[in-house]
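Hi,

Here is the structure I said I would pass on.

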Amino acid sequence: MKHLYKTLQTGAFVAATALWSQGAFALGTAAGTDIVNTAQATYNIGTGGPGTTTPSNPTTTTVNELIDVDVTWIDAAPVTVTSGDVNRVTKYTVTNIGNGNENFDLTSLSTLLGDDFDPVLSSPNNIYLDNPSGIVGQYDVTDTPVSQTGVLAPDDVVTIFILNDIPTGLNDADTGDTQLTATSVTGTGAPGSSLPNAGDGGTISAVFGNSGGDDADTGTYIISGVVVTLTKSAVVTDPFGGSEPVPGATIAYTIRVSVTGSGTAANLVIADPIPANTSYVLNSIRLDTTSGSGAAYVSQTDGGGDDASDYNNTNGNAVTVDLGNVTAAAVDTFITFNVTIN
Amino acid sequence: MLKLLKNSLLALVVIASPVWAGSLTLSNIAEIEVTEVNDQGEEIVKRVPADLVVPGTEVIYTITANNEGDMEAANVVIANPVPEHTVYIGGSASSSAMGKSTRIVFSVDGGSTFDVPENLEIMDEDGTVRLASAEEYTHVQWAFDFAIPPGAKVDVSFRVLLK
């Protein structure tokens, strides 16, 4: 006979299993929890004698505090910087992967081996805790300089920023590393070793997990010498076939966008206000991103959202062109539009 | 006088019942395994009381049935719920009297019914029927097909992982 049970009855066990299978980041049984076990026997006294039941003594095992921490550098890629930059930010998470309440000391280090240059930790503070005011998940002036995470409950995560200044005179694509270390205030020790009475509440032991009570991760800066140069030129055509800037004359402006050096100019947006005493000629924006010479213009609309360009939409009475990410290797971009002199 | 008689009867009952129940006693210990290095530099796995447990620790429970009476204990069945905050480790249940035919079965319904692992199935919410995994067992049970003679002991054991 097969026994069939519905998930309804066993849901709690299934859920518990799923949590466990998440490994190190599972919420383990809380420090201080008592695990009680009691067995029971049923039997007959003598063959055919009266049936009886007897319980065992209960065993009680108290769960100790597991001290375990994870530090992870979470910038998506090396942080692009240029020589001489100040207060450049790298971003980390610190997670209490133990089962008790724990505070962690935070230290930063930038004199690491294996990179091209040493960033210089910002002074007087260079470790900041992301706080709920200002922009969450991004360094801003409301974030507080700290030397500890503060007490973290099991599975609590905080975001930490390390700020460095970048030395001058560096070359394109040079990298520099900086490191955040979080160390349990309770202490550190070999995985599996323990400190008596050092766990939560002072009556249970503190047992060191795989991290040994401290963890570090390294973030990287990369020098990107990307330089964006805009060159604007104007050609005047007057109503009389000449080139005098008189009322009624048309001015054709051309903006040449050059990205040079190395790396990528991210989210490059060109905005050009229409000069005073002139009027924009509707639907006159044209864009050449392919020829590198202004030989392959494509007409743009004035409305926003349909192509890379707009007039009086992103910025009032201005031409705005969103070029996105432009690499130093890309050909020069040409933007042209017309105005008339009032 | 009647009251006195009642009291003495009550006293008799109280004295009498431990004599019956006391013929089989169950003792239960919780241990963990630790690895130590001996004088020869060899690693030795040693069992110690389960004091230093944290999430992820394997705990070994050993239950000893000791027949302290003068009659044999027949049809002995020992049942142990898997303790809260732990999961049963598949294949870990054992008996010191295995050679004498001990039937080890499990429950996935809180101890209402028991069966061998290959017969324990669970229906998921989407209707899929699958074999229950060891982590889903709620109880372990040992049924002895022999009587425990007076003065004899049988150990049974199982392991759990602390969540």
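**What I found**

Let me start with chain B, which has 1 helix and 11 strands. Helices (H or I, at least four residues) and strands (E, at least two) are DSSP runs, numbered from the N terminus. In sequence order, chain B reads α-β-β-β-β-β-β-β-β-β-β-β.

A word on the ground rules: this is a predicted model, so local features need pLDDT of at least 70, side-chain atom pairs count only at pLDDT 80 or more, and totals for chains, interfaces and linings use all residues. Residues are numbered from 1 along each chain as its sequence is written, while chains are lettered from A and ligands numbered from 1 in the order in which they are written.

pLDDT is the predictor's confidence in each residue, from 0 to 100. Chain A averages 89, and 92% of its residues score at least 70. Do be careful with residues 1-25 of chain A, where pLDDT stays under 50. The model has 41 contacts beyond four places in sequence for that stretch; two residues are in contact if their C-beta atoms, placed from the backbone, lie within 7 Å.

Back to chain B. Among the chain B contacts with a separation of 6 or more, 73% are between residues 24 or more positions apart.

Strands S1 (residues 24-37) and S2 (residues 43-49) of chain B are joined by 7 bridges and run antiparallel; two strands pair if DSSP finds at least two bridges between them. Val34(B) has Lys46(B) as its bridge partner in S2(B). The two strands make a hairpin with 5 residues between them, and Gly41(B) in the turn has a positive phi of about 80 degrees. S2(B) is hardly covered, with 0 buried residues among its 7.

Now, where do the chains meet? The contact takes 45 residues from chain A and 53 residues from chain B. On the side of chain A that touches chain B, H1(A) gives the most, with 8 residues. By class, that side has 17 nonpolar, 26 polar and 2 charged residues. (Ala, Val, Leu, Ile, Met, Phe, Trp, Tyr, Cys and Pro count as nonpolar, Asp, Glu, Lys and Arg as charged, and the others, Gly among them, as polar.) Pairing also crosses between the chains: 5 bridges join S3(A) to strand S4 (residues 73-81) of chain B, and the two run antiparallel. There, Asn44(A) stands opposite Ala74(B).

A nonpolar core is a set of buried Ala, Val, Leu, Ile, Met, Phe, Trp, Tyr and Cys residues joined through C-beta atoms within 7 Å. The largest one has 47 residues, and Ala65(B), Val76(B) and Ile78(B) have the most contacts inside it. Strand S11 (residues 153-162) of chain B brings the largest share, 5 residues. Beyond its neighbours within four places in sequence, Ala65(B) has contacts including Ala41(A), Leu24(B) and Val76(B). A second, separate core of 18 residues includes Val69(A) and Leu180(A).

Last, chain A has an open sheet of 4 strands in the order S8-S18-S15-S10, with mixed pairing. Its edge strands are S8 (79-81) and S10 (104-109), each pairing on one side only. S8(A) runs parallel to strand S18 (residues 214-223), joined by 3 bridges, and Thr80(A) stands opposite Ile222(A).

Cheers

How values were computed
Buried ≥ 20, exposed ≤ 12 C-beta atoms within 10 Å, placed from the backbone.
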